[in-house]
Amino acid sequence: MKNDRMQSPAIAAPVTNRSASMPLQANDTALAHDKLSIGGMRCAACSQIIEYRVQHMAGVEAFHINAASHRAEVRWDPKQIGLRDIVESISALGYSALPAGEKHADADHQKKMSWWRLFIAGFAMMQVMMYAFPAYLQPVPQIDGDLTPDIDRLLKIASMVLTIPVVFFSSMPFFKSAWRSLRHRRIGMDVPVSIGIIVTFVASVWATYRGGPVYYDSLIMFVMLLLAARMIEERVHRKSTAALQALTELVPLTAQRLLDYPLSRRTEQVPAASLREGDLLLIAPGAQIPADGRVLEGHSECDEALMTGESQPVQKAIGAALVGGALNLSGQLVMQAERVGDATQLSALVHKMEAAANEKPPLVELADRHASVFMTAILAIALLAALVWWQIDASRAVWIAVTVMVITCPCALSLATPSVMSGAIGQLAGNGVLVARGRAIETLARATHFVFDKTGTLTEGRLQLADMLILQPGLERTQLLNMTAAIAAASMHPVSKALAKATASGGGFGGGVQYAAIREIAGQGVEARDGERCFRLGNLGFVQELHGQALELPASFADKTVSALGDERGWIALFALQDDIRPGAAACIAFLREQGKQVLLLSGDKHDVVAKVARELQIDAAYGELRPEQKHDMVRTLQQQGAVVAMIGDGMNDGPVLSLADVSIAMGQGAPIAQVRSDLVLMSNRLQDVQAAVTITGRALALIRQNLGWALVYNLIAIPAAVSGILAPWHAAIGMSLSSLIVVLNSLRIFSRRAAWQQEDIALDAAGQLAVPDARG
Amino acid sequence: MEILYLLVPLSVVLVFAIGGVFWWALSRRQFDDLDEAGERIIQDTDKPDE
């Protein structure tokens, strides 16, 4: 498959002036040096193959692929070979090589620095603790050997020397962040942390030369714990954004722009970044589509898996919409670009996912806001205490102030929620639930009403064509099949997919039938135009709109899902489809009712079918034949009555209603489009996972409340104790570490116990399904 | 206990030395891929005898 990335102008340009040359030895000619991002590697052997090939190319001085990051460093002699040749040889092997973006390098550097900071803090902590040991043992008379003041000072100086890198290097992120928040006139979480670190350090240095207890070990441990907590947070964050990076790299770098279409098919190659709305582009078979647009000419299939997760190719005829980043499979297409660059669906997707991942849940925002006030109060109290004690006993004043600031450790507050959230997200992922938006966890825990869609959610979505009735006199079966296949193939709705499959196998696709314009109306059906004739395939009501004729449904069609094909003149054919209820549905509904939640079923399907499903699953409130607007209104009414509504739907077809619900769960199989439109995605399409989600989020909310409650109680006890002077700074250090530890340990409780839904899973397996029970987190 | 006057400063120097060695090893990418060295033995990169 020709890879048009090879011809990217970015690579074709001379490379030696892009990056610094690094000569290997003093007498070497200047070598060019660059980083590449290698794509398509699926195993360790892949990197070996590439390395072997490239290293043996004449002129390549060094080539090494980092198996973890899939980035390669290459050094070559520009006189003998160019970067373009190296990239071409990698492409020839079937992999892709792109210049590694600047953003990657920056993120890598950040990661490296974070690790260094943690390492230095940890290493120093261990050493300083050893130096501090003799002073701890000093008060115990049984231990032999006195600690003379000289040796005492020696140990203190040694501790101080090792603390210096910790304060001036490892703690920098806290100082920077504190400075940033101060510039915005806010007392952020890091301000008391920074003040605590600085004051403790200065006071300890003072004590090193003037006598008195020093607190280097507490200081370093404090810094190390905070750094470790932050690293874990960053890691979770980075994992979710890594998937996004992969998406952005799907849009090709170049495009073929048609010069004088329709007179000729001559094209020029242009960078995708320079495309504009209205540009006419030629998409070759096997090429990636560079922008969103519409088909003007040609006929092909496209792989839109990146958006829909659907591995089956979608037919594209004239008028069909094309998605930037999708892969054009078989035929050549002429398209008109409608949205380019940042405006494409893919970019919007990525931005939304990024924003969602960065969103802070309401509780965290609440904690942050209160923390600001809290911190200011603490600083005021510390200052006040210092002033008061200055009058009573000046030597203790500074230490009292330090104690107050250190003991009210912001770490309990700053760790309380994030630690639970990270655990909850991990636990949910282990149960097959992907969290697209952070606030979903809290909202799902508070949800009172659960609204289910029918097709594809409570039912498998694998509709089978049970019966077909031709209503138009004189229409041949094969003709009907061809027509239906052509129209149904343009939609991803479960009904369309079933019809496409059934009719395609019955009479073959295409057969010369092409429609000038095809468009899908969500939740209703597909409309195709052919010159003056207009066809509609979909819900009975949708098709009836075209011609207004009445219809008498044959008895055999009564309790099945019915789809119709019609044009302006009347009904053409009826299709009856059957769908199975998902195995986990009944258990899930029963569980929700047990928890006291209200369950509703809203569907666009016929009353009879909906009633049948509702009876089987024991859902009291079931409504059929609803248009999307009606579903919308029902949800809104519930919300106005004060309900917190959770919606479970198909991700791809229920978009508008899902976004209205307070929290939405999609059976999207992880398709990016489902992630954008919903808050939680059920990766394995199992309704048991809803039970897991409800239980885990409920527990998470309880734990967050416990943590915040503990932080509050702790501070209420600690502050008066510190101000009154009965505590020494080392008490403060212990109290601080202990309080954070308790918060973190409490958060770990989210991983405890095999709960009800997991036992359910085992029961199902024991009931005769030969599924292998998967290991749960 | 005068020996401590030697040992404690020596330990501080050692801490910096160890840190430096770790930095050097990291910059030579020795920690990048821990499995590669073991796999190199199994790789089939020998030239066939002509």
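**Entry 1**

"Buried" here means under 20% relative accessible area, "exposed" means over 50%, and "partly exposed" lies in between, with a 1.4 Å probe and protein chains only. Strands and helices are DSSP runs numbered from the N terminus: E of at least two residues for strands, H or I of at least four for helices.

Next I looked up the neighbours of β19(A). Strand β18 (residues 525-530) of chain A pairs with β19(A) in the antiparallel sense over six bridges; I call two strands paired if DSSP finds at least two bridges between them. The two form a hairpin with two residues between them, and A:Gly531 in that turn has a positive phi of about 70°. Strand β20 (residues 561-567) of chain A is also antiparallel to β19(A), with four bridges.

Which residues stand opposite A:Arg536? I found A:Glu527 opposite A:Arg536 in β19(A), and A:Gly566 of β20(A) opposite A:Arg536 as well.

**Entry 1: ground rules**

I number residues from 1 along each chain as its sequence is written, and chains are lettered from A and ligands numbered from 1 in the order in which they are written. As the model is predicted, local features need pLDDT of at least 70 and side-chain atom pairs count only at pLDDT 80 or more, while totals for chains, interfaces and linings use all residues; side-chain values use heavy atoms, with hydrogens and water left out.

**Entry 2: strand β22**

I moved on to strand β22 (residues 598-602) of chain A, which is mostly covered, with four of its five residues buried. Strand β15 (residues 449-452) of chain A pairs with β22(A) in the parallel sense over four bridges, and A:Val451 stands opposite A:Leu600 there. β22(A) also pairs with β23(A), again parallel, over three bridges. The bridge partner of A:Leu602 in β23(A) is A:Tyr623.

Most residues other than glycine have a negative phi. A:Gln618 has a positive phi of about 60° although it is not a glycine. Is A:Gln618 buried or exposed? At 53% relative accessibility, A:Gln618 counts as exposed.

I then traced three strands of chain A that form an open sheet in the order β10-β9-β12, with antiparallel pairing. The edge strands are β10 (314-316) and β12 (327-328), each pairing on one side only. Strand β9 (residues 300-303) of chain A pairs with β10(A) over three bridges, where A:Cys302 has A:Val314 as its bridge partner.

**Entry 3: helix packing**

I checked two helix pairs. The axes of α19 (residues 585-594) and α24 (residues 688-723) of chain A come within 9 Å and cross at roughly 25°. That makes α19(A) roughly parallel to α24(A). The contact (heavy atoms within 4.5 Å) is made by A:Ala587, A:Cys588, A:Phe591 and A:Leu592 of α19(A) and by A:Val690, A:Gln691, A:Val694 and A:Thr695 of α24(A). By class this contact has six nonpolar, two polar and no charged residues.

Helices α5 (residues 149-170) and α6 (residues 172-183) of chain A pack at an angle of about 40°, with their axes 5 Å apart. They are therefore oblique to each other. For the angle classes, under 35 degrees is roughly parallel, over 145 roughly antiparallel, 65 to 115 roughly perpendicular, and the rest oblique. The α5(A) side of the contact has A:Val167, A:Phe168, A:Phe169 and A:Ser170, and the α6(A) side has A:Met172, A:Pro173 and A:Phe175.

I also looked up A:Val193, in helix α7 (residues 190-210) of chain A. At 3% relative accessibility, A:Val193 counts as buried.

**Entry 4: the two chains**

I finished with the wider view. Chain A has 26 helices and 26 strands, and buried residues make up 50% of its 777 residues. How many residues of chain B are in contact with chain A? I noted 20, in contact with 21 residues of chain A. Chains B and A bury about 2,000 Å² between them, 72% of it on carbon and sulfur atoms; buried area is the accessible area (1.4 Å probe) that two parts lose on being put together, summed over both. B:Tyr5, B:Val15 and B:Arg29 supply 25% of the area that chain B buries against chain A, more than any other three residues.

Technical notes:
Axes fitted to C-alpha atoms, helices over the stretch in contact; angles between N-to-C directions. Nonpolar A, V, L, I, M, F, W, Y, C, P; charged D, E, K, R; others polar.
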